[in-house]
Amino acid sequence: MDLLRFITAGSVDDGKSTLIGRLLYDTDSIKVDQLETIQKQSKNKGEGEIDLALFTDGLRAEREQGITIDVAYKYFATDKRKFIIADAPGHIQYTRNMVTGASNSDLIIILIDARLGVIEQTRRHSIIASLLQLPHVVVTINKMDMVDYSEEVFNSIVEEYSKMAATLNIKDVTFIPISALKGDNIVNPSENTPWYTGDTLLHLLENVDVVSDINFSESRFPVQYVIRPQSEDLHDYRGYAGKVLSGTYKKGDAVTVLPDGIESVIEAVEVHGQEVEEAFAPQSAVIRLKDDIDINRGDVIVTKTAHPKVSQDIEATICWMDNKPLVAGNKYLLQVQSRRVRCVVKEINFKLDVNTLEKHENISEAALNDVVHVTIKTASPIVYDNYLSLRANGGAILIDETAHTTVAGCMLN
Amino acid sequence: MPLHKLDYLDLLEAESIHIMREVAGQFERPALLFSGGKDSITLVQLALKAFKPGKIPFPLVHIDTGHNFPEALEYRDRIAEQTGARLIVRKVEDTIKAKGLKEQTGKFASRNALQSYTLLDTIEEFGFDACIGGARRDEEKARAKERIFSVRDEFGQWDPKKQRPELWNLYNGKISKGENVRVFPISNWVELDVWNYIKREGIELPSIYFTHEREVIVHHEHLVALSPFVRVDEDDVIVKKNVRYRTVGDMTCTAAVESTASSIDDIIAEINKTNISERGETRIDDQVSEAAMEDRKKNGYF
């Protein structure tokens with residue numbers, strides 16, 4: 001059994017909570033006592049029906065205001081697969097939350113209200129999905145019951161969305177007509193849409209290929225921690241612990257340690273203290289090298305495949321996530337995997353309108369939720385990949401030097 | 001090329017080990033909170049694997065409420081010895097005396113809230129900058145909102161509105177002096193994952209997780225073990241039942257479940273069948289109010 005991480009996107013009225021509620025409910029993931037609690041709370045609020053959103057809104061302030069403030073993670077499983085849902089708020093002011101939730105998702109479900117078709121929100125979510133390079137996009141056209149399960153309505157929305165997607169560099173798109181409320185095409189094929197012969201949503205979620213999204217050809221292994229027991233029996237043991245971000249590592253592989261470019265050969269690959277034939281993404285492993293060289297946390301071990309970039313001058317698309325605006329010329333810490341270096345955001349090249357994809361130039365500041373393209377200079381070289389070509393090693397964060405908060409998510413290029 | 005496919009337990013394990021190593025790499029003085037319960041037992045196993053063949057590079061810390069199951073304490077000491085990790089125990093009892101704290105009163109008075117005082121004192125005493133805990137997001141709705149690296153201020157407070165966005169697999173553990181980070185490596189595991197992992201790894205458990213006969217008070221739908229810490233009232237119904245524990249907390253506020261499960265396989269079968277959540281079935285303290293857990297966490301609870 002494997003694991004799929006996905007995010008749902010849509011505004012509150014699109015039925016996002018109902019969809020999550022239905023997936024959880026229909027897979028027996030909501031327990032009796034949890035349902036009872038929600039029922040009680042629904043009564044307290046004076047509502048007639050069970051409010052499934054209460055299941056996803058975990059904070060007092062969220063329940064009081066009836067809005068989702070922050071990303072919540074929900075879990076369910078079927079016989080085939082386990083699922084982690086990043087339930088991100090859909091409001092415009094929460095672009096950063098969507099970026100957060102989408103950053104570690106393999107798939108995004110975009111909800112469209114069948115009565116409204118493609119709206120600004122749909123476009124925004126699709127642009128973010130494309131910026132973050134989510135491998136799979138599932139467009140669920142919801143509330144089909146409200147449009148008499150009309151094939152024409154479905155087809156025209158598919159056409160409208162496809163036209164837009166073509167301009168966005170979105171790869172794998174699937175369309176499903178659903179009613180989250182009534183359960184059409186969620187778990188079981190709907191009799192109301194005999195014209196639809198595609199997968200149900202759950203079937204698609206269970207079968208979408210996640211492994212093929214992992215890059216096994218370019219090997220990246222950032223060192224997180226150096227294991228040196230220095231005990232009597234392991235006097236000379238020196239193992240580099242980290243996670244294989246992409247590719248594979250085998251005993252005998254010639255490797256280069258970046259950014260310094262030191263070369264060596266793999267003496268052994270270990271997973272949980274056992275020597276293994278090879279380690280592959282996304283395993284956590286330990287690599288031992290033949291030569292006794294100085295390697296520290298933050299260094300990246302690569303094999304003789306295409307190498308990552310090593311540079312101090314970086315361009316990146318960033319989503320600004322802090323209330324304090326980004327001002328060109330400010331210094332921050334840039335964290336790429338386990339490497340953290342000082343940097344200066346030299347220039348804001350342009351701001352990307354996440355509704356229209358238009359580029360606005362001559363920008364000197366970026367505010368909360370802005371997506372901007374920047375030029376960064378780092379104090380020492382960092383090892384990274386273009387986010388578009390190797391997602392696993394192309395993401396980074398900016399950290400405020402004094403407040404220590406994470407102020408931006410960066411897609412390096 | 002061989003098929004590079006990992007089972008979900010391998011995926012969860014790889015992620016958790018990555019987090020453990022980030023803690024060791026980013027912090028000066030981390031600690032692992034260890035109660036002898038199944039979640040923190042899983043953490044110990046993950047830590048062992050993360051740093052093999054080296055030892056776990058941080059101590060195990062137990063905040064002892066004084067209301068523990070003796071079986072869990074015995075287990076705690078034995079595991080600490082086996083792993084060679086340093087075990088630090090600090091007692092809520094001592095904090096109560098030293099600070100003149102007022103204990104909860106009433107039928108199932110718990111020291112859950114007071115535990116935070118001892119924890120914060122312990123963090124200060126040893127200068128811990130990171131505390132690894134076994135909380136899972138599936139346990140409770142406020143937990144579902146918590147980051148894997150959860151920054152706490154010098155009062156140990158969690159402010160859900162000030163959480164740092166957590167992107168990709170990048171964790172920001174930068175803090176100021178006095179602050180600390182609570183790290184939850186098994187955030188993405190659900191109860192059944194923990195049990196399946198314990199089974200796969202052949203991890204030993206305290207005996208209270210398996211069926212045994214015990215005298216319990218029947219309180220609403222909960223079965224609370226008879227112990228020196230629980231007040232027995234005249235109208236209390238005391239019965240002998242075959243029970244096991246689904247979670248190990250305090251004897252005062254952790255309920256047992258009726259069970260015949262004597263092996264991990266039996267337990268997994270029972271959990272697969274049950275329609276009640278872990279916390280709903282066993283934790284009396286969570287049911288005080290809608291936001292009981294959120295409120296405790298805001299005050300420094302782990």
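This is a predicted model: local features need pLDDT of at least 70, side-chain atom pairs count only at pLDDT 80 or more; totals for chains, interfaces and linings use all residues.
In chain A, 22 residues of domain 1 are in contact with 16 residues of domain 3. The domain assignment of chain A gives domain 1 as residues 2–207, domain 2 as 220–303 and domain 3 as 309–412.

Stay with domain 1 and domain 3 of chain A. Together they bury about 1,500 Å², and carbon and sulfur atoms give 59% of that area. The count of salt bridges across this interface is zero. Polar contacts do occur there: 11 residue pairs make them, with both residues at pLDDT 80 or more. On the domain 1 side, helix 5 (95–103) and helix 6 (120–131) of chain A each supply at least two of the touching residues. Helix 5 of chain A has the largest share, with six residues. By class, this side of domain 1 holds 10 nonpolar, eight polar and four charged residues.

Now turn to chain B. Its domain 1 is written in two stretches, 8–195 and 290–299, while domain 2 covers 205–282. The C-alpha centres of these two domains of chain B are 24 Å apart. Where they meet, 29 residues of domain 1 are in contact with 30 residues of domain 2. The two domains of chain B bury about 2,600 Å² between them, with 61% of it on carbon and sulfur atoms.

How many salt bridges lie between domain 1 and domain 2 of chain B? The count is two. Elsewhere in the list of pairs, B:Arg246 and B:Glu191 join their side chains in a salt bridge, at 2.8 Å from N to O. Six residue pairs are in polar contact across the interface of the two domains of chain B, both residues being at pLDDT 80 or more. Four helices of chain B each give at least two residues to the domain 1 side: helix 2 (38–51), helix 3 (70–83), helix 6 (191–201) and helix 9 (292–298). Helix 3 of chain B gives the most, with four residues. The touching side of domain 1 of chain B has 10 nonpolar, nine polar and 10 charged residues.

An unreviewed UniProt entry lists residues 30–255 of chain B as "domain: Phosphoadenosine phosphosulphate reductase". That span is 27% helix and 20% strand, and its end C-alpha atoms lie 32 Å apart.

Last comes the meeting of the two chains. Here 63 residues of chain B are in contact with 79 residues of chain A. The buried area is about 6,000 Å², and carbon and sulfur atoms give 57% of it. Which three residues supply more of the area that chain B buries against chain A than any other three? They are B:His4, B:Lys145 and B:Trp168, which supply 15% of it.

Four salt bridges cross the interface of chain B and chain A. A salt bridge also pairs A:Arg5 with B:Glu15, whose closest N and O atoms are 2.9 Å apart. On the chain B side, helix 1 (8–26), helix 2 and helix 9 each give two or more residues. Helix 1 of chain B gives the most, with 13 residues. The side of chain B that touches chain A divides into 26 nonpolar, 16 polar and 21 charged residues.

Technical notes. Residues are numbered from 1 along each chain as its sequence is written. Chains are lettered from A and ligands numbered from 1 in the order in which they are written. Side-chain values use heavy atoms; hydrogens and water are left out. Domain bounds come from an automatic or database domain assignment. Contact means heavy atoms within 4.5 Å. Buried area is the accessible area (1.4 Å probe) that two parts lose on being put together, summed over both. A polar contact is a pair of N or O atoms within 3.5 Å; within protein, one must be able to donate a hydrogen and the other to accept it, and residues adjacent in sequence count only if both atoms are side-chain atoms. Ala, Val, Leu, Ile, Met, Phe, Trp, Tyr, Cys and Pro count as nonpolar, Asp, Glu, Lys and Arg as charged, and the others, Gly among them, as polar. UniProt positions are given in the numbering used here, feature names are shortened, and annotations may be inferred rather than shown by experiment.
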